Amino acid sequence: FGRRNNKGEFLTDFIYNGVVSGSEEGLFEVERNGKHGHIDINGKEIIPCMYDKGNYFSEGVASECLNGKWGMIDYFNNTVIPFEYENLYVSKNNIISAKKNGKYGLIDKGNNVVVDFLYDEIDCWNTRECNAYPVRIGDKWGLIDRYGNTFENIIYDDCQLISDNEDNAGEFIILLKDDKKAIYSTKKQGFITDFIYDFVSFLSGNRFAVHKDNKRGFIDTNGEIVTPIIYESAHDECFSEDVCVVTQNDKDGLIDLSGNLIVPCKYKRLHSCKNGLILATDSDGNNGYINNKGQIIIPFGKYTSFSDFSCGLAKVCREEFGNVYIDKTGKILEIEV
């Protein structure tokens with residue numbers, strides 16, 4: 001691999017086995033001859049490829065592995081945390097999850113122990129917004145704060161971070177107990193639901209998709225039901241352009257963010273909304289496009305549809321002229337397929 005800028009100018013020779021996307025400091029992880037290092041935005045190798053493994057720079061430091069032990073370095077390749085750990089994660093809010101003598105604890109960038117090495121696992125989620133850290137002892141999980149104080153006792157069977165963007169990453173955690181799931185808010189430092197759900201999927205549009213008694217619905221970030229838990233499925237468990245495809249009695253329809261059924265469940269198949277249009281299949285198996293109000297924009301059966309809209313275009317097929325591109329009105333465009 002090599003790296004070039006947006007003018008097409010090469011910044012490095014083709015000497016790297018891998019180049020990882022940039023960190024918040026504008027540096028890139030690289031691998032050469034099986035060793036880890038860092039280059040800057042101009043392609044200059046500022047940290048030699050001398051480490052066995054490593055992570056990206058965060059808060060001025062990067063964790064690296066040398067001769068089987070982990071430590072931390074600064075931009076000048078100075079050692080800021082000795083290479084004495086079995087594992088180290090990235091620095092977030094001056095907190096680093098570290099493993100020593102088979103146990104995890106929390107340290108700061110000065111190598112001071114913040115939380116003793118008591119745990120079999122600590123998840124830091126790689127986000128600054130999280131003020132509750134899931135910890136595991138044996139096969140049970142609990143939650144502590146950055147000083148080791150207990151938020152939730154270590155009694156839960158599993159935990160999982162849930163987010164849809166960086167703004168709410170670390171705000172919600174799913175905990176499992178007796179085969180049921182509940183959602184914990186790290187901001188409120190408490191549960192927003194009881195342990196009643198069989199499944200909770202990724203947050204989308206400030207809504208959680210939940211499963212209960214083999215039915216699907218959505219709840220908001222306060223745990224309140226906004227879409228009745230009555231559907232056989234909610235496609236992709238997420239909203240696209242503020243609508244979501246749901247299934248009832250084996251037919252697809254659309255709901256909005258308020259849980260209103262804005263397109264009745266009457267279609268054989270609906271795709272996600274893209275560019276304001278939805279690829280739909282009617283009960284006779286013909287394809288067409290509708291908008292998010294259910295209005296037919298491109299008639300069913302006019303084309304055999306191959307794709308969702310993207311950048312205002314969709315590729316379709318018709319027997320007499322084969323594959324073509326159309327715009328959002330159904331007009332055939334003079335674009336070579």
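1. Start with the hairpin of S29 and S30. Six residues lie between its strands, and Asn275 there takes a positive phi near 55 degrees. Strands here are DSSP runs of E of at least two residues, and helices are runs of H or I of at least four, numbered from the N terminus. Strand S29 covers residues 269-270 and pairs with S30 in the antiparallel sense over two bridges. Pairing requires that DSSP finds at least two bridges between two strands. Leu270 has Ala280 in S30 as its bridge partner.

2. A note on the basis. This is a predicted model, in which local features need pLDDT of at least 70 and side-chain atom pairs count only at pLDDT 80 or more, while totals for chains, interfaces and linings use all residues. Residues are numbered from 1 along each chain as its sequence is written, and side-chain values use heavy atoms, with hydrogens and water left out.

3. How covered is strand S30 (residues 277-281)? Five of its five residues are buried. Buried means under 20% relative accessible area, exposed over 50%, and partly exposed in between, with a 1.4 Å probe and protein chains only. One side carries Leu277, Leu279 and Thr281; the other carries Ile278 and Ala280. Both faces of S30 are therefore covered by this definition.

4. S30 also pairs with strand S31 (residues 287-291), antiparallel, over five bridges. Leu277 has Asn291 in S31 as its bridge partner. The hairpin of S30 and S31 has five residues between the strands. Within this hairpin, Gly285 takes a positive phi near 90 degrees.

5. Next, Gly301. The residue sits in the loop between strand S32 (296-298) and strand S33 (304-305). Its relative accessible area is 47%, so Gly301 is partly exposed. Neighbours within four places in sequence aside, Gly301 is in contact with Asn286 and Asn287. Contact means heavy atoms within 4.5 Å. Gly301 and Asn287 are 14 residues apart in sequence, yet 5.6 Å apart in space, C-alpha to C-alpha.

6. Most residues other than glycine have a negative phi. Asn33 has a positive phi of about 55 degrees. Asn33 lies in the loop between strand S2 (28-32) and strand S3 (35-39). At 66% relative accessibility, Asn33 counts as exposed. Asp242 also has a positive phi, near 70 degrees. Asp242 is in the loop between strand S25 (233-234) and strand S26 (243-248).

7. S5 joins strand S6 (residues 62-66) through two bridges. Gly54 stands opposite Glu64 in S6.

8. Overall architecture. The protein has zero helices and 36 strands. Its radius of gyration, taken over C-alpha atoms, is 25 Å, well over the 20 Å that the globule rule gives for 337 residues, so the protein is more spread out than a compact globule. That rule is 2.2 Å times the number of residues to the power 0.38. The C-alpha trace spans about 70 × 55 × 25 Å along its principal axes. Buried residues make up 45% of the 337 residues.
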